[in-house]
Amino acid sequence: MIHILHIEKSAFFRKSLNHTIEPLGYRVSESASLEEAFEILESEDIDLIIMALADNEHMVQELSASDYDNIPILILTSTDDMETREKLFRLGISDYILKNQITEKRLRNYLESFQKYKGIDVAGSRLKLAVLDDSSTSLSVINKVFAGSDFKNIVYYSRSKDLLASEEVYDIYIVDLVLKEMTGEEVMLEIRSKNPHAIIIIISSVDHNRTISNLLIHGADDFIVKPFDRNIFIARIKAHIRTYFLREELEEKNRQLSEMINIDGLTGLYNHKYTMEVLDIEFSRCLRYEHDLSVAMFDIDYFKRVNDTYGHPIGDEILIEVAGILNRNTRKTDIVGRYGGEEFFIIFTECDYQQAHVAAEKIRKAVEDHDFPYIGSLTLSGGVSTYDGHGINEMISRADKKLYEAKNQGRNRVL
């Protein structure tokens, strides 16, 4: 939860703003003076300071010059012109809101955004950092910078060979450009080849535009010129961490979207299209590496009776239940898909005919022994085929034929 310090002389305005903030679920501490504010800052962990600008410029300046200069300050002001904006940001504030725009919705949006990035910063502080600089003085300076930050999981290197030989994989690399054994660019390229998603920040007293642009083009995420301001140094690292996590979030959403496209909406199994695409890939692997490959096709016996007797909603529940049994009784490497209607298709990777038949029989038996809601018992019929030199269509066709043979021979069997 965000802990806010509200500095305001007027008890009326403190109460008014707090009535707006506290219902949003954030903790608020009140202060009527700068002295009282410093007492709270010494005893409490404050995430955000909110205060009015009027007659309080000296407060902002003193806070910015204190040990609490890393706490963002949100200013409430009644004026909004270019001169005021420039003055506010020159004072070192984080942001400002016009007093006539202070609504629960506006504050909620601001604080939710603030909390989201705070959460990213907290997660980012747990990332592993490696610092490489062959100057003991520089390493000492960087160590002091990090000592006052949230970052604790840091390893310092003075030799590039030691860093590159380490089996440890870091999330963030801070690399000096000018090194004795090899250049920072060479180190960066080697790190990037092994860990393409790592954050790599080059630091140097060199400030030539061509050098900086070359490094950024060839893989550096940032270039920070020495000597650097502690707050800006940490802030730039955090900015890259936010991008790092946002990219991970986007990749996860893309993965979920891709999965949704490939998943049957009812059963949660792979859909027909994706199952056939995987079969094509596995068939190519089978040919290339001379692996065994088998498939099985299953059909629920007398499923039409279930729908006619109990209705389609119950029939859907039975399909979901059968899908769960199939998933629980196959390996992670097997692909279980809904072929259509009450038919299911399984790809048994690296399985010969006998192994696939045993696996399919296990599934049939699991369904037979299962107590289904509403209907009690249920059975499956199945057909299994294995690659024998013919194509994919032939393999599918043979499994289909064996399935219908099983149906004709009395059902509840695998051929």
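Biologist: What makes Arg255 and Glu252 a salt bridge?

Modeller: Bear in mind that this is a predicted model, and that the distances come from its coordinates. A salt bridge requires a side-chain nitrogen of Lys or Arg within 4 Å of a carboxyl oxygen of Asp or Glu. The closest N and O atoms of Arg255 and Glu252 are 2.7 Å apart, so the pair meets that limit.

Biologist: Where do Arg255 and Glu252 stand relative to each other in helix 10?

Modeller: They are 3 residues apart in helix 10, and therefore separated by about one helical turn. An α-helix has 3.6 residues a turn, so residues three or four places apart point the same way.

Biologist: Why are Arg255 and Glu252 called partly exposed?

Modeller: That term covers what lies between the buried limit of under 20% and the exposed limit of over 50%. Arg255 has a relative accessible area of 41% and Glu252 has 33%, so both belong in the middle class.

Biologist: How do you know that Arg14 forms a salt bridge with Glu30, and which parts of the chain does the pair link?

Modeller: The closest N and O atoms of Arg14 and Glu30 are 3.2 Å apart, which is within the 4 Å limit, and the pair therefore counts as a salt bridge. This pair links distant parts of the chain, with Arg14 in helix 1 (residues 11–21) and Glu30 in strand 2 (residues 27–31), 16 residues apart. Arg14 has a relative accessible area of 13% and is therefore buried, being under 20%, whereas Glu30 at 37% counts as partly exposed.

Biologist: What makes the contact between Asp150 and Lys238 a salt bridge?

Modeller: Their side chains meet at 3.9 Å, N to O, and because the limit is 4 Å, the pair is counted. Here too, distant parts of the chain are linked: Asp150 is in the loop between helix 6 (136–147) and strand 7 (154–157), and Lys238 is in helix 10, 88 residues apart. Asp150 is partly exposed, at 48% relative accessibility.

Biologist: How many salt bridges does a search of the whole structure find?

Modeller: The search finds 29 salt bridges. Asp133, Asp176 and Lys226 are linked in a network of such bridges.

Biologist: What is the peptide bond between Lys226 and Pro227, cis or trans?

Modeller: It is a cis peptide bond, with omega about -10 degrees, and Pro227 lies in the loop between strand 10 (222–225) and helix 10. Most residues other than glycine have a negative phi, and most peptide bonds are trans.

Biologist: What is the phi of Glu290, and what is the phi of Tyr374?

Modeller: Phi of Glu290 is near 55 degrees, a positive value in a residue other than glycine, and Tyr374, which is not a glycine either, has a positive phi of about 75 degrees. Glu290 is found in the loop between helix 11 (272–289) and strand 11 (293–300), while Tyr374 is in the loop between helix 14 (353–369) and strand 14 (380–386). Glu290 has 72% relative accessibility and Tyr374 has 51%, and because exposed means over 50%, both are exposed.

Biologist: How do you know that the buried residues of helix 2 are on the same side?

Modeller: The buried residues of helix 2 are Leu34, Ala37, Phe38, Ile40 and Leu41. They cover an arc of only 160 degrees around the axis, which puts them on the same side of helix 2. On the other side of helix 2, Glu35, Glu39, Glu42 and Ser43 are exposed.

Biologist: Which residues form the negative surface patch, and why is Glu42 called exposed?

Modeller: The patch is formed by Glu35, Glu36, Glu39, Glu42 and Glu62, and helix 2 (residues 34–43) gives the most to it, with 4 residues. Glu42 has a relative accessible area of 64%, which is over 50%, so it is exposed.

Biologist: What forms the nonpolar patch on the surface?

Modeller: Leu257, Met260 and Ile261 form it, with about 340 Å² of accessible area together. Met260 lies in helix 10 (residues 230–262), and its relative accessible area of 60% is over the 50% limit, so Met260 is exposed.

Terms used. Residues are numbered from 1 along each chain as its sequence is written. This is a predicted model: local features need pLDDT of at least 70, side-chain atom pairs count only at pLDDT 80 or more; totals for chains, interfaces and linings use all residues. Side-chain values use heavy atoms; hydrogens and water are left out. Patches are made of residues with over 30% relative accessible area and no salt bridge: like charges are joined within 9 Å, nonpolar side chains (Val, Leu, Ile, Met, Phe, Trp, Tyr) within 5 Å. Accessible areas come from the Shrake-Rupley method with a 1.4 Å probe; for residues, only the protein chains shown count as cover. Lys and Arg count as positive and Asp and Glu as negative; His and the chain ends are not counted. The place of a charge is taken as NZ of Lys, CZ of Arg, CG of Asp or CD of Glu. Helices (H or I, at least four residues) and strands (E, at least two) are DSSP runs, numbered from the N terminus. Buried means under 20% relative accessible area, exposed over 50%, partly exposed in between (1.4 Å probe, protein chains only). The arc is that of the directions from the helix axis to the C-beta atoms.
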